[in-house]
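Visitor: Could you take me slowly through the charged side chains that pair up in this structure, and then through the open spaces? I would like one connected account.

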Amino acid sequence: MRKLKNNELGRISVDEFKQASKTPIIVVLDNIRSLNNIGSVFRTSDAFLIEKIYLCGITATPPNKEIHKTALGATESVAWEYVEDTLTLIEKLKAENVQVFSIEQAENATMLDTFEITHNQTYAVVFGNEVKGVQQEVVSSSHGCIEIPQLGTKHSLNISVSCGVVLWDLFTKMRS
């Protein structure tokens with residue numbers, strides 16, 4: 001077995017990415033403080049052809065050197081928009097028939113491994129602040145919560161890791 005070289009990966013250009021059919025998932029970042037986490041979410045969203053990222057509250061926006069360091073140019077390919085108030089955005093997405101789910105440990109949350117998608121439906125997944133999580137008012141306004149099953153002692157994942165796990169799971173369910 002041989003590792004592939006960069007020119008063998010079948011990478012598409014930024015223009016081809018923008019023209020490509022997107023995975024019907026919207027990522028909402030609710031008051032994310034780490035610029036590295038924001039960049040990582042852009043990079044993961046690029047990998048799975050995510051429709052759009054919304055940056056809300058204190059979440060920093062491109063162009064930013066620290067975001068770019070982990071995004072590796074994905075801020076140029078993935079569509080994004082800044083919205084100051086996360087709750088206002090959630091209400092707008094719901095009015096557009098987007099199913100909104102907070103990624104959070106909450107009462108009656110659906111475990112990610114048992115979450116069932118509806119094909120031809122757009123989903124928004126909300127990831128919260130590294131310390132406080134998704135704002136309670138946003139959780140309350142969501143259609144539901146999805147929880148990543150965790151069996152260890154911490155029951156805590158970095159937001160960029162959580163995003164990777166959730167997007168991969170939803171992406172594979174949508175592609176099957």
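**Salt bridges and pockets**

Guide: Glu96 is partly exposed, with a relative accessible area of 46%, and like every value here this comes from a predicted model. Its partner in a salt bridge is Lys92, with 3.2 Å from N to O, and Lys92 also counts as partly exposed, at 39% relative accessibility. Both values fall in the partly exposed class because that class runs between the buried limit, under 20%, and the exposed limit, over 50%.

This pair belongs to a set of seven salt bridges in the structure. Another joins Arg2 to Glu8, where the closest N and O atoms are 2.9 Å apart. Here the two partners fall into separate classes, for Arg2 is exposed at 53% relative accessible area, whereas Glu8 is partly exposed at 35%.

As for accessibility, Glu130 is partly exposed at 26%, and Arg33 is exposed at 53%.

From the charged pairs we can turn to the open spaces. The largest pocket holds about 370 Å³ of space. Among the 19 residues of its lining, those closest to the centre are Ile103, Glu104, Gly133, Leu157 and Ser162. The elements that give two or more residues to this lining are β6 (123–128), β7 (144–147) and α7 (159–175). Sorted by class, the lining of the largest pocket has seven nonpolar, nine polar and three charged residues.

The second largest pocket holds about 290 Å³. Its lining consists of 14 residues, and Arg11, Ile12, Phe17, Asp46 and Ser77 lie nearest its centre. Two or more residues of this lining come from each of α1 (14–19), α2 (35–47) and α4 (74–77), with α2 giving the most, three residues. By class, the lining of the second largest pocket has eight nonpolar, three polar and three charged residues.

Definitions and conventions:
Residues are numbered from 1 along each chain as its sequence is written. This is a predicted model: local features need pLDDT of at least 70, side-chain atom pairs count only at pLDDT 80 or more; totals for chains, interfaces and linings use all residues. Side-chain values use heavy atoms; hydrogens and water are left out. On a 1 Å grid over the protein atoms alone, a cavity is a set of points where a 1.4 Å probe fits but cannot get out, and a pocket is an open set with protein on both sides within 12 Å along at least five of seven lines; lining residues have an atom within 4 Å of a point. Grid points are joined across faces, edges and corners, and a volume is the space filled by probe spheres set on the points. Helices (H or I, at least four residues) and strands (E, at least two) are DSSP runs, numbered from the N terminus. Ala, Val, Leu, Ile, Met, Phe, Trp, Tyr, Cys and Pro count as nonpolar, Asp, Glu, Lys and Arg as charged, and the others, Gly among them, as polar. A salt bridge is a side-chain nitrogen of Lys or Arg within 4 Å of a carboxyl oxygen of Asp or Glu. Buried means under 20% relative accessible area, exposed over 50%, partly exposed in between (1.4 Å probe, protein chains only).
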